[in-house]
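Thanks, everyone, for making the time this morning.

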Amino acid sequence: MAEARSGYGPRIAAAVTALGAVLLVVAATPFLRAYADPASRRPAAAIGVDADRAGCDPELTDRISGAGLHVGPGTAEPYVTRVRYDLVPPSSGPHFVVPAPTVRRFYVARDRPPIETLVHNLEHGYTVLWYVEPLAPDQIEALRALARTFGDDSYGGRFVVAPWDLDYGAFPAGRPLALSHWGAQAGYRQFCATVSGAAMQRFVLAHPRSDAPEPTGM
């Protein structure tokens with residue numbers, strides 16, 4: 001009997017190893033699909049509608065202020081929990097001490113950092129694409145694709161998509177999307193009606209991460 005049972009241990013170990021390999025493949029499948037999916041790495045111009053159908057208003061150039069001006073906890077103004085920005089959305093201004101992490105490219109309302117946090121990202125050379133909820137599912141998916149595309153190092157890696165907080169002011173009617181960038185000499189904004197990778201690529205390339213008050217900041 002002992003001789004018959006002696007092969008059980010190796011067989012069980014082999015079965016456990018095989019089962020572990022299967023579970024690993026199953027767990028990794030969604031990530032492998034996302035990586036392999038060509039749609040997740042489409043050229044910017046292929047995302048959304050053509051530039052001439054995006055309904056984008058002419059780009060606005062703003063005076064800038066607030067470089068290096070931190071408010072909130074850990075500053076000389078620790079009780080400031082909200083900044084009243086002169087512009088909607090802001091392209092510069094006072095901001096919280098810590099910017100949003102570089103690993104995030106897309107936010108929804110439940111996890112969006114404070115507006116004041118994202119303004120700090122602007123100071124570091126980011127372009128923020130703000131959107132007003134609700135948007136159609138296809139528009140949200142296009143925004144996610146843009147976040148992946150423009151967040152790539154080939155575009156400078158300084159791009160975030162985040163929902164706008166209407167408590168800070170309303171966008172123009174029919175324009176649920178807005179790009180903003182804090183340049184070294186001026187701020188820049190542009191409102192659009194619908195997602196257009198081509199139109200938004202034009203804005204991103206015109207205002208690179210190097211054009212910022214603190215382009216080397218993280």
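Predicted model: local features only at pLDDT ≥ 70, side-chain atom pairs only at ≥ 80, totals over all residues.

How much space lies in the largest cavity? The answer is about 60 Å³, where a cavity is, on a 1 Å grid over the protein atoms alone, a set of points where a 1.4 Å probe fits but cannot get out, and where a volume is the space filled by probe spheres set on the points, with grid points joined across faces, edges and corners.

Residues are numbered from 1 along each chain as its sequence is written, and side-chain values use heavy atoms, with hydrogens and water left out.

Searching the whole structure gives one cavity of 30 Å³ or more. Its lining, meaning residues with an atom within 4 Å of a point, consists of Gly125, Tyr126, Thr127, Tyr155, Arg158, His181, Val204, His207, Pro208 and Arg209. By class, that makes four nonpolar, four polar and two charged residues, with Ala, Val, Leu, Ile, Met, Phe, Trp, Tyr, Cys and Pro counted as nonpolar, Asp, Glu, Lys and Arg as charged, and the others, Gly among them, as polar.

The largest pocket, a pocket being an open set with protein on both sides within 12 Å along at least five of seven lines, holds about 170 Å³. Of the 13 residues that line this pocket, Arg63, Ser65, Asp86, Ser92 and Gly93 lie nearest its centre.

Now to the fold. The chain has five helices and five strands, taken as DSSP runs numbered from the N terminus, with helices being H or I of at least four residues and strands E of at least two. Along the sequence the pattern reads α-α-β-α-β-α-β-β-β-α. Of the 218 residues, 43% count as buried, which here is under 20% relative accessible area, with exposed over 50% and partly exposed in between, for a 1.4 Å probe and protein chains only.

The buried residues of H4 pack against E2, E3, E4 and H5.

How many residues of helix H3 (residues 115-123) are buried? Nine of the nine are, so H3 is largely enclosed by the rest of the structure, and the cover over them includes E2, E3 and E4. Just after H3, Gly125 takes a positive phi of about 100 degrees, and Gly125 is also one of the cavity-lining residues.

Finally, two peptide bonds to look at on the screen. Val88 and Pro89 are joined by a cis bond with omega of about -15 degrees, and the bond from Glu133 to Pro134 is likewise cis, with omega near 0 degrees. Pro134 lies in the loop between E2 and H4.

Conventions:
Contact = heavy atoms within 4.5 Å.
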